[in-house]
Amino acid sequence: MLTVSLMATSCYYDEMPAEPVTPIPETVSYSKDIQPLWDTDCISCHKTGATSPDLTAANSYLALTKNNKYVIPGDAASSSLHKSLVGDGAAIMPTAGKWSDSKIALVDKWINAGALNN
Ligand code: HEC
């Protein structure tokens with residue numbers, strides 16, 4: 001009985017790892033904090049010549065900010081990038097499943113601080 005419950009417990013933890021909380025620095029850097037998120041979770045689909053926006057390091061900043069198309073500096077809530085991350089009126093991104101709140105908050109902080117190319 002004890003063995004069974006221990007096994008059940010380990011299965012539970014295998015299936016539900018605690019979601020890591022992404023640290024949010026005082027000043028969010030586009031190149032150091034944001035681009036690596038695109039590299040890990042987005043560029044398999046959002047690469048050059050494929051689905052817009054192009055999120056590869058060479059093109060992502062311009063692709064996101066040009067004409068405020070995906071990012072409106074200072075206004076994360078109105079930015080379509082934010083809407084895609086929370087699935088508000090847009091297909092949820094990444095398609096595999098919604099990010100942790102802390103990762104979305106990191107992107108929102110970058111947008112609200114002016115969406116700098118820093
Ligand atoms: C498995 C492929 C795939 C992955 C991975 C993926 N996307 Fe997408 N994304 C798509 C497709 C396909 C569309 C366009 C069609 C649609 O609306 O479903 C899209 C559309 C978008 C749009 C545009 C929505 C609009 O209003 O035009 C944004 C912004 C976006 N993705 C951001 C991201 C971000 C950020 C990531 C990583 C966190 C990501 N995507 C990961 C496939 C993907």
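1. The chain has five helices and zero strands, where helices (H or I, at least four residues) and strands (E, at least two) are DSSP runs numbered from the N terminus. Read from the N terminus, the order is simply α-α-α-α-α.

2. Before going further: this is a predicted model, where local features need pLDDT of at least 70 and side-chain atom pairs count only at pLDDT 80 or more, while totals for chains, interfaces and linings use all residues. Residues are numbered from 1 along each chain as its sequence is written.

3. On burial, 19% of the 118 residues count as buried, meaning that 20 or more other C-beta atoms, placed from the backbone, lie within 10 Å of a residue's own. As for contacts (C-beta atoms, placed from the backbone, within 7 Å), residues 24 or more positions apart make up 47% of those with a separation of 6 or more.

4. Leaving aside neighbours within four places in sequence, Val107 touches Ile34 and Leu85 by the contact criterion.

5. Then the ligand: 16 residues surround it, with Cys42, Cys45, Ala91, Met93 and Pro94 the closest; near here means a C-beta atom, placed from the backbone, within 6 Å. Helix H4 (residues 80-86) supplies the largest share of this shell, three residues.

Notes: Buried ≥ 20, exposed ≤ 12 C-beta atoms within 10 Å, placed from the backbone. Contact = placed C-beta atoms within 7 Å.
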